[in-house]
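Here's a quick briefing on one protein model. Have a look at the sequence and the 3D view first, then read on.

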Amino acid sequence: MQVPAPFEYERATSVDHAIALMERLGSEARVVAGGHSLLPMMKLRLATPEYLIDINDLSAELEYIRIEGAEVRIGALTRHRQLLESDDLAAVLPIFRDAEKVIADPVVRNRGTLGGSLCQADPSEDLSAVCDAVGASCVIRNSSGDRVVSMDDFHRGPYETAVADGEMLTEIRIPLRPGSSSAYHKVERRAGDWAVASAGAAVTMDGDVIADGRVGLCAVGPNLTNIEPISAALRGQPPSAELYAIVGQIAADNAEPSTDTRGTAAYKTHLAKELTIRSLRKAVARATGQA
Ligand SMILES: Cc1cc2nc3c(=O)[nH]c(=O)nc-3n(C[C@H](O)[C@H](O)[C@H](O)COP(=O)(O)OP(=O)(O)OC[C@H]3O[C@@H](n4cnc5c(N)ncnc54)[C@H](O)[C@@H]3O)c2cc1C
């Protein structure tokens with residue numbers, strides 16, 4: 001039986017309370033949200049926090065999906081299930097529903113959160129690739145107030161983020177632009193498994209050309225954030241099979257996967273290319289009303 005090391009436990013009653021506890025307890029304190037990543041790591045003794053601060057009572061402050069003008073704001077405690085089921089979110093950012101359909105199983109989706117997924121910073125975390133693709137910003141709060149960082153700055157490396165001791169991720173902000181859409185494709189060994197590889201794409205069309213495009217990749221390297229050469233290749237170009245092939249190759253060239261039980265590095269590199277092509281094609285089709 002796997003048993004975590006002993007720890008103290010406290011339920012936060014507000015975000016301010018959680019932050020005050022973390023400030024007081026320092027680097028030995030960890031927030032627990034859905035617990036689907038942290039608790040398995042504690043059972044394996046890969047994480048041994050002395051204090052757990054449970055934020056599950058903070059749904060009034062942290063669990064929401066708000067579409068306000070040209071921006072979507074999602075609270076850090078929003079569950080996978082809510083991201084999957086929100087028709088309003090799917091209407092403006094279909095990439096979330098695409099991804100959530102293939103993340104884990106209902107048990108994990110009922111509890112696991114957007115904030116926990118991003119803060120875990122596992123290079124195989126699907127929502128990190130989604131947030132990269134859509135150009136999300138992360139709101140990090142400490143006792144002095146909020147700071148907003150881009151996804152590029154949020155992920156510092158595998159299992160490492162810009163959230164420091166005494167801080168919490170509270171919200172994700174995603175800009176909405178007219179003429180934009182998005183899509184996500186994943187290859188998994190069986191339903192509910194982590195990705196062998198996956199790719200998300202978001203595009204903004206200006207008439208017949210791609211005004212802006214971004215791709216986020218998952219499970220093919222250490223927290224690959226948006227790949228700027230892909231965006232540069234897409235900018236101002238009309239969509240075509242040739243363009244997608246060029247961009248797919250850039251994705252493959254930037255992938256640094258390792259061979260493991262899910263597949264060989266060569267297979268994952270191939271998937272980085274193919275899944276980039278597929279998600280771009282679908283995002284463009286959606287943005288132009290053809291899907
Ligand atoms: C069987 C299984 C299959 C899975 N399959 C997939 C999959 O296919 N794709 C996928 O992407 N994920 C998968 N997951 C992971 C799942 O999505 C988790 O829910 C997610 O990784 C973590 O979310 P959580 O809310 O459970 O975080 P927790 O486990 O509670 O926390 C994870 C980390 O984030 C920190 N944290 C949490 N919230 C905050 C916050 N607001 N501010 C600061 N720090 C915070 C915690 O301190 C901890 O370090 C799977 C998990 C399981 C158990």
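Two residues count as in contact if their C-beta atoms, placed from the backbone, lie within 7 Å. Keep in mind that this is a predicted model: local features need pLDDT of at least 70, side-chain atom pairs count only at pLDDT 80 or more, and totals for chains, interfaces and linings use all residues. Residues are numbered from 1 along each chain as its sequence is written. Helices (H or I, at least four residues) and strands (E, at least two) are DSSP runs, numbered from the N terminus.

**The sheet**
- Five strands form an open sheet in the order β4-β5-β10-β6-β7, with antiparallel pairing (strands pair if DSSP finds at least two bridges between them).
- β4 (65–68) and β7 (145–150) are at the edges with a single partner strand each, so one side of each has no neighbour in the sheet.
- β6 (residues 137–142) and β10 (residues 168–175) pair in the antiparallel sense over five bridges, and Ile-140 has Leu-169 in β10 as its bridge partner.
- Helix α1 (residues 15–25) lies across β6 and β10, at about 125 degrees to β10 (axes are lines fitted to C-alpha atoms, for helices over the stretch in contact, and angles run from 0 to 180 degrees between N-to-C directions).

**Helix α12**
- Tyr-244, Val-247, Gly-248, Ile-250 and Ala-251 are the buried residues of α12 (buried means 20 or more other C-beta atoms within 10 Å of a residue's own, exposed means 12 or fewer, and partly exposed is in between, with C-beta atoms placed from the backbone).
- These residues cover an arc of only 155 degrees around the axis (taken from the directions from the helix axis to the C-beta atoms), which puts them on the same side of α12.
- Over on the other side of α12, Glu-242 and Ala-245 are exposed.
- The cover over the buried residues of α12 includes β12 (195–206), β13 (209–218), α11 (228–234) and α13 (265–287).
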